[in-house]
Amino acid sequence: MIVRILQLTVYIILASVLGLLSALQLIVSAITNPKKFFFKEERKTIPAVAKPTCGKHGLLYTSSLAVHYVASGTPGKPLMLFVHGFPEFWFSWRAQLKEFGNDYYAVAIDNRGYGETTVPSLSLKDYTKDLLAQDVIEVIEALGYESCTLVGHDWGGVIAWHTAINYPEKFDKLIVMNGPHPRCYQEYVRSHLSQLKKSWTVLFFIVPYLPEIMLSCFDYEFINQAFLGKIGPLINRENISMEDIEAYKCIFSRPGRLTAAVNYYRAMLLYADKPQPETKLKVPTLVIWGEEDQFLEKDMNKTLSRYIENVTYRGIRASHWVQQDEPAEVNRLMRTFLQGRS
């Protein structure tokens, strides 16, 4: 308990410093270019690129949410469930939906508070990892399945790890992309200052209001920067178009969506995880890692075998946005793993 209090104190102090520096930067930007700083284009409809060409759109209902999903394939075939990261929505899995719809019932969801899925509230208690894991389990059951192959990227990877660790019986196989295993990440960041520096945004997101202002200013410019700019863009930039960028901006311009997404980070830091099982995860697992990731260092994966009984690691030359950056190679690695070939 004392250790947890000390951790929270450090988080709050660091977040306060980062918040102050960011506030000064925002003030300068707003004063020097107020028209562009506050401008937000009105977006009423999602661009055609994110319409049903990737699959069939639908809604399912869990105990607390109406979950929007896009499905490719025939119900009754083995379920492959995709969980996206930040700042994304189901659309980040478009290449995988097209690839695996012939052999699986491939379903990509909008996470809690994202896209066209319910925003339950803007209270942090509604965004804990336990609830996010419960969402996955209830989605599987609402689709009429007892188990599935679970695929997650970024925050979707964090959710996938947490869900598989706590409900291993629900998963036939697990595929995680550029989303760190919780124990590997915790151990690595304690001994690698370089990774701690790259994780500064996680601490900054604790600050109220400022992250939302920073992420939405200049008409959601952070989305341009994330995928195509200086932050950590796709290597193969031709794989994401300006129409794709508009689709992401449309999603995050909707009321409450940006705060809901940031609340994942806030809840992660402010709510302690329940104790995790000490035994190794027995679900066969594939980790695909874009090794040009500017946010997460690849070396944190060196200890995966300590916590997973049957794990395969495949690093490729790609950015953090690996399934969009190198869709053909990601699909090949997934299929090889799913067919039981190394």
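**Exercise 1. State which residues of β7 point each way, and whether they are buried or exposed.**

Solution. T285, V287 and W289 point one way from β7, while L286, I288 and G290 point the other way, and all are buried. Buried means under 20% relative accessible area, exposed over 50%, and partly exposed in between, with a 1.4 Å probe and protein chains only. Strands (E, at least two residues) and helices (H or I, at least four) are DSSP runs numbered from the N terminus.

The model is predicted: local features need pLDDT of at least 70, side-chain atom pairs count only at pLDDT 80 or more, and totals for chains, interfaces and linings use all residues. Residues are numbered from 1 along each chain as its sequence is written, and side-chain values use heavy atoms, with hydrogens and water left out.

**Exercise 2. Find the strands that pair with β7, and the sense of each pairing.**

Solution. Two strands pair if DSSP finds at least two bridges between them.
- Step 1: strand β6 (residues 171-177) runs parallel to β7, joined by 4 bridges. Here V176 stands opposite V287.
- Step 2: strand β8 (residues 311-316) also pairs with β7 in the parallel sense, over 6 bridges. In this pairing W289 stands opposite G315.

**Exercise 3. Identify the residues that touch the most other members of the largest nonpolar core.**

Solution. A nonpolar core is a set of buried Ala, Val, Leu, Ile, Met, Phe, Trp, Tyr and Cys residues joined through side-chain atoms within 4.5 Å.
- Step 1: the largest core has 105 residues, and F86, I288 and M334 touch the most other members.
- Step 2: I288 belongs to the β7 set with L286 and G290.
- Step 3: leaving out residues up to four places away in sequence, F86 touches Y114, D154, W155, F205, L215, F222, F252, A261, Y265 and W321. Contact means heavy atoms within 4.5 Å.

**Exercise 4. Determine how many residues of helix α10 are buried, and what they pack against.**

Solution. 
- Step 1: α10 (residues 242-252) is mostly covered, with 8 of its 11 residues buried.
- Step 2: these are D244, I245, A247, Y248, K249, C250, I251 and F252.
- Step 3: the buried residues pack against α3 (94-100), α9 (210-228), α11 (257-270) and α12 (322-325).
- Step 4: F252, buried in α10, is also among the contacts of F86.
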